[in-house]
Amino acid sequence: IQQCFSDDLIVRHGSLLGVAEMVLAFGELNLVQGDATMSDDLKLSIAELVPSIEKARLYRGRGGEIMRAAACRTIECISTANITLTVKQQVRLLDSVDACLVHPNETIQNSAAKALLALLTSYFPVSSKGPSERLQSRVVDKYISIVKSEDNPAATRGFSLALGHLPGKLLAPSEQVLDSVLDCLIHASKKSTLVGGEGDAETRRNAILSLINVCKTAGIGHSSLEANLSPT
């Protein structure tokens, strides 16, 4: 873990990916729970690893992009392995993912989208009535608003991709929420939709990819999909 902060880019990048994959392997072998394999202090260090890297400003300068992608992979692996996180830690990692979703590099956006799905699936529980108003506002409402109103194409690309990587508990807790996501993605996929006054093919592409993912996650039934999809 200490090597993740090395002055040598290759060392810290490889170390971060190494930690991520080891955590994932421990999770697959059910060695995360309890302290026989991983002590509580070690788990805490892993949970705080990405925020600590960001605090050390290791995304800046040469190699910043590959460190961002590795950080997203680390969040994905931590989530898949179900490392215990406090609510504060969960939200902090969600903030890290959101920051990578708006990065103009497509590789980072794709890594962030995968991390988002794993993070939201493993954490942020919802009740039988669906997500809390606060969680709904923090994730779904925020992402929809950005896709609809942001002038920065990197943001519309990233968050249109993110809408297709929401778990079912947030994507379709009700028909109303699902319809709002579909309406947003359908609008973003149209050739006539502008971002900052110009068309953006990547936003349209990501919106279409997300529509496919939404169909896979929520299924196809009586929704606004067919009614609102037009050839424009």
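User: Which helices are among the elements that cover the buried residues of H1?
Analyst: This is a predicted model, in which local features need pLDDT of at least 70 and side-chain atom pairs count only at pLDDT 80 or more, whereas totals for chains, interfaces and linings use all residues. Residues are numbered from 1 along each chain as its sequence is written, and side-chain values use heavy atoms, with hydrogens and water left out. Helices (DSSP runs of H or I, at least four residues) and strands (E, at least two) are numbered from the N terminus, and buried means under 20% relative accessible area, exposed over 50% and partly exposed in between (1.4 Å probe, protein chains only). The cover of the buried residues of H1 includes helix H2 (40-47), helix H3 (49-55) and H4.

User: Which residues of H1 are buried, and how wide an arc do they cover around the axis?
Analyst: The buried residues of H1 are Leu9, Arg12, Leu16, Val19, Ala20, Val23, Leu24 and Gly27. The arc is taken from the directions that run from the helix axis to the C-beta atoms. These residues lie on the same side of H1, because their arc is only 130 degrees.

User: Which exposed residues does the face of H1 turned away from its buried side carry?
Analyst: An α-helix has 3.6 residues a turn, so residues three or four places apart point the same way. On the face of H1 turned away from the buried side, the exposed residues are Ile10, Met22 and Glu28.

User: How far apart are the end C-alpha atoms of helix H1?
Analyst: The expected span of a helix is 1.5 Å times one less than its number of residues. Helix H1 (residues 9-28) has 20 residues, so it should span 28 Å.

User: How many salt bridges does the structure hold?
Analyst: A salt bridge is a side-chain nitrogen of Lys or Arg within 4 Å of a carboxyl oxygen of Asp or Glu. One of them joins the side chains of Arg73 and Glu76, at 3.2 Å from N to O. The number of salt bridges in the structure is 9.

User: Where do Arg73 and Glu76 lie, and is Glu76 buried or exposed?
Analyst: Both residues lie in helix H4 (residues 64-80), 3 residues apart, which is about one turn of the helix. Arg73 is partly exposed, with a relative accessible area of 25%. Glu76, at 17% relative accessibility, is buried.

User: Which helices hold Arg138 and Asp98?
Analyst: The side chains of Arg138 and Asp98 meet in a salt bridge of 2.8 Å, N to O. The pair ties together parts that are 40 residues apart in sequence, because Arg138 lies in helix H7 (residues 133-149) and Asp98 in helix H5 (residues 87-101). Asp98 is buried at 6% relative accessibility. The helices that hold Arg138 and Asp98 are thus H7 and H5.

User: What is the angle between the planes of Tyr143 and Phe159?
Analyst: Rings of Phe, Tyr and Trp (its six-membered ring) pair if their centres lie within 6.5 Å, with planes under 30 degrees apart counted as stacked, over 60 as edge-to-face and the rest as tilted. The whole structure has 1 aromatic pair, namely Tyr143 and Phe159, 4.8 Å centre to centre and tilted. Tyr143 lies in helix H7 and Phe159 in helix H8, so the pair ties together parts 16 residues apart in sequence, and both residues are buried. The angle between the planes of Tyr143 and Phe159 is 50 degrees.

User: What is the mean pLDDT of the protein chain?
Analyst: pLDDT is the predictor's confidence in each residue, from 0 to 100. In the protein chain, 94% of the residues reach 70 or more, and the mean pLDDT is 93.

Definitions and conventions:
Contact = heavy atoms within 4.5 Å.
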